[in-house]
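Student: Hey, can you walk me through this protein model? I'd like to start with the overall layout and then go into the details.

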Amino acid sequence: MFGRLFDMLNDPAPDPMEGEDRELALGALLVRLARSDENYTEDEKIRIDRVLAQRNGLSSFEATEMRKRAEEVEAGAPDTVRFTRALKDKVAYEDRTGVIEALWDVALADGVRDAHEDALIRLAAKLLGVNDVDSAVARQRVEARRS
């Protein structure tokens, strides 16, 4: 499965990404975000597990297993620019705004807005073609859920 996903992420003429491949790629992007400040915490892992469980109707065990696979994908994925652009080509706009919301959910998991995480979300939004307004609304939805 990983080989197929890596091939899809590096394919110059990709087919749309569906199902588990899309969610595994999202998981890898969430892991990349959580690791961006070089402090990959248990709170961030738990938040990634929750995001994956909610998006996919997974049990907590299944979500943890998906996150672990996403950690492997992230470690071998191309640089963030190519990785995120590949997702843009394979995922519908509505799903891409959901990706930004998921990124904010993980970034805010530890209660701290880190400059590295903010920068990666801004880059991801730009590369995913998600405008600033939709990104800000996604962050506000996450913050409202945390209140």
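Predicted model: local features only at pLDDT ≥ 70, side-chain atom pairs only at ≥ 80, totals over all residues.

Student: How many helices and strands is that, then?

Tutor: The protein chain has eight helices and zero strands.

Student: OK. And how much of the chain is buried?

Tutor: Of its 147 residues, 48% count as buried. Also, take the contacts in the chain with a separation of 6 or more: 75% of them are between residues 24 or more positions apart.

Student: What's in the largest nonpolar core?

Tutor: It has 35 residues. Those with the most contacts inside it are Leu30, Leu33, Ile48, Ile100, Leu103, Trp104 and Ile121. As background, nonpolar side chains tend to be buried together in soluble globular proteins.

Student: Which elements give two or more residues to this core?

Tutor: Those are helix H2 (19–35), H3, H4, helix H6 (93–107), helix H7 (115–128) and helix H8 (132–146).

Student: And which one gives the most?

Tutor: H2 does, with nine residues.

Student: You listed Ile100 there. What does isoleucine 100 touch?

Tutor: Leaving out residues up to four places away in sequence, isoleucine 100 touches Ile121, Ala124, Ala125, Leu128, Val130, Ser135 and Ala138.

Student: Switching to helix packing. At what angle do H3 and H4 pack?

Tutor: Helix H3 (residues 42–56) and helix H4 (residues 60–76) pack at about 115 degrees, and their axes are 8 Å apart. Angles of 65 to 115 degrees count as roughly perpendicular, so H3 and H4 are roughly perpendicular to each other.

Student: Is the crossing of H3 and H4 left-handed or right-handed?

Tutor: The crossing of H3 and H4 is right-handed.

Student: Which residues make the contact?

Tutor: From H3 you have Lys45, Ile48, Asp49, Leu52, Ala53 and Asn56, and from H4 there are Ala63, Thr64, Met66, Arg67 and Glu71. The residues of this H3–H4 contact split into five nonpolar, two polar and four charged. Ile48 is also one of the residues with the most contacts inside the largest core.

Student: What about H6 and H8, how do their axes cross?

Tutor: The axes of H6 and H8 come within 8 Å and cross at roughly 50 degrees. That makes H6 oblique to H8. H6 passes H8 in a right-handed crossing.

Student: And who makes that contact?

Tutor: H6 brings Tyr93, Thr97, Ile100, Glu101, Trp104 and Asp105, while H8 brings Asp134, Ser135, Ala138, Arg139, Arg141, Val142, Arg145 and Arg146. Sorted by type, the residues of the H6–H8 contact are five nonpolar, two polar and seven charged.

Student: New topic: where is valine 73 found?

Tutor: Valine 73 is in helix H4.

Student: Why does valine 73 count as buried?

Tutor: Buried means under 20% relative accessible area, and valine 73 counts as buried because its relative accessibility is 1%. Valine 73 and valine 31 are 42 residues apart in sequence, and their C-alpha atoms are 9.4 Å apart in space.

Student: Last one, glutamate 38. Buried or exposed?

Tutor: Glutamate 38 is exposed, with a relative accessible area of 77%. Glutamate 38 lies in the loop between H2 and H3.

Student: And what's its phi like?

Tutor: Phi of glutamate 38 is near 60 degrees, a positive value in a residue other than glycine. For context, most residues other than glycine have a negative phi.

Conventions. Residues numbered from 1 in each chain as written. Heavy atoms only, no water. Axes fitted to C-alpha atoms, helices over the stretch in contact; angles between N-to-C directions. Helix = DSSP H or I, 4+ residues; strand = E, 2+ residues; numbered from the N terminus. Parallel < 35°, antiparallel > 145°, perpendicular 65-115°, else oblique. Left-handed = near helix turned anticlockwise from the far one by under 90°. Contact = heavy atoms within 4.5 Å. Nonpolar A, V, L, I, M, F, W, Y, C, P; charged D, E, K, R; others polar. Core = buried A, V, L, I, M, F, W, Y, C linked by side-chain atoms within 4.5 Å. Buried < 20%, exposed > 50% of the residue type's maximum accessible area, 1.4 Å probe, protein only.
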